[in-house]
Amino acid sequence: MCGWHRASENNLEERVKTLSRKVRARATREEATVACVFVHEDFDRPDGPDYVTAQNRVQAALERNLGTAHYVLAVAEVESWMLLFPHALSAVTSAWKVPGKYRNKDTGRLADPKRVLTSEVCKSGRRYRESDAPVIFERVVASRSYDSPSGSNRSWRRLRDDAATCCASHLRTGR
Ligand SMILES: [Zn+2]
């Protein structure tokens, strides 16, 4: 997914309708019922008032067309979430260390968390690649530390709230 939060009103509606058609077509093919849909993007800007506006606008469009859906918009990039879990980064590569100045902070305020990760966290050991993300988050899940991050990030909190809502309401009613 790319740039939903930047799309004009007409374009956004059109893209959501296209997504809805694809979701329904796949469900038909697989003889499945769609309980809910998650759409993830990076905001590419740090947290601020326009984050909430963008989040709400796309979320409303998804709900209009899909019923149950969650727009997961990471500020500024998904790497800001990884900085909340220093132990998970070190578990993937022991030389990776989150410097103290990034711990217990609002990582959503960082303008360029990917740069922090590549040039400050991963300055020893091998380089970080975007393809490392799933393994890093697997470590977060395995350690069950997702609700005890080292610091804060409004977009991570929102993802956790969305997941809780989904498990409590959407997955049950969708089956
Ligand atoms: Zn849901």
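**A zinc site and some salt bridges**

Histidine 170 is buried: its relative accessible area is 15%. The cut-off for buried is under 20%, so histidine 170 qualifies. Before I go on, please note that this is a predicted model.

So what does histidine 170 do in this model? Its ND1 atom is one of the protein donors of the zinc ion.

Next, the geometry. Why is the arrangement around the zinc ion tetrahedral? The angles between the four donor atoms run from 97 to 127 degrees, and that makes it tetrahedral. The rule asks for all angles between 85 and 135 degrees. For comparison, the ideal angle for four tetrahedral donors is 109.5 degrees.

Now follow the donors along the chain. Their spacing reads C-x33-H-x95-C-x3-H. Histidine 70 sits in strand S2, residues 69-74, while histidine 170 sits in helix H7, residues 154-174. The two are 100 residues apart in sequence, so the pair ties together separate parts of the chain. Is histidine 70 buried or exposed? Buried, with a relative accessible area of 3%.

On to charges. Side chains of opposite charge can pair when their charged atoms come close. How many salt bridges does the structure hold? It holds 15. I will show you some of them.

Start with arginine 6 and aspartate 44. Their closest N and O atoms are 3.4 Å apart. This pair links distant parts of the chain, 38 residues apart. Arginine 6 is in the segment before helix H1 (9-29). Aspartate 44 is in the loop between strand S1 (37-42) and helix H2 (49-66). Aspartate 44 is partly exposed, at 42% relative accessibility.

Next, arginine 57 and glutamate 9. Here the salt bridge spans 3.0 Å, N to O. Arginine 57 belongs to helix H2 and glutamate 9 to helix H1, so this pair ties together parts 48 residues apart in sequence. Both ends are partly exposed: arginine 57 has a relative accessible area of 21%, and glutamate 9 has 44%.

Aspartate 161 pairs with arginine 157, with 3.1 Å between the closest N and O atoms. Both lie in helix H7, four residues apart, which is about one turn of the helix. Aspartate 161 is partly exposed at 37%, and so is arginine 157 at 41%. Elsewhere, shared partners join Glu13, Lys17 and Arg64 into one salt-bridge network.

Serine 150 lies between helix H6 (133-142) and strand S4 (151-152). Serine 150 is buried, at 18%. Which residues does it contact, beyond its neighbours within four places in sequence? Leu83, Leu84, Pro86, Arg103 and Asn104.

Then lysine 97. Find it in the loop between helix H4 (86-92) and strand S3 (105-106). Setting aside residues up to four places away in sequence, lysine 97 touches Ser90, Glu120 and Val121. Its side chain also reaches the backbone oxygen of serine 94, at 3.2 Å. Where is alanine 69 relative to lysine 97? The two are 28 residues apart in sequence and 35 Å apart in space, C-alpha to C-alpha.

Key: Residues are numbered from 1 along each chain as its sequence is written. This is a predicted model: local features need pLDDT of at least 70, side-chain atom pairs count only at pLDDT 80 or more; totals for chains, interfaces and linings use all residues. Side-chain values use heavy atoms; hydrogens and water are left out. Donors are N, O and S atoms within 2.8 Å of the metal (3.2 Å for Na, K and Ca); water is not among the atoms, so sites may look incomplete. Four donors count as tetrahedral if all angles lie between 85 and 135 degrees; four count as square planar and six as octahedral if opposite donors are over 155 degrees apart and all others between 65 and 115; anything else is irregular. Buried means under 20% relative accessible area, exposed over 50%, partly exposed in between (1.4 Å probe, protein chains only). A salt bridge is a side-chain nitrogen of Lys or Arg within 4 Å of a carboxyl oxygen of Asp or Glu. Contact means heavy atoms within 4.5 Å. A polar contact is a pair of N or O atoms within 3.5 Å; within protein, one must be able to donate a hydrogen and the other to accept it, and residues adjacent in sequence count only if both atoms are side-chain atoms.
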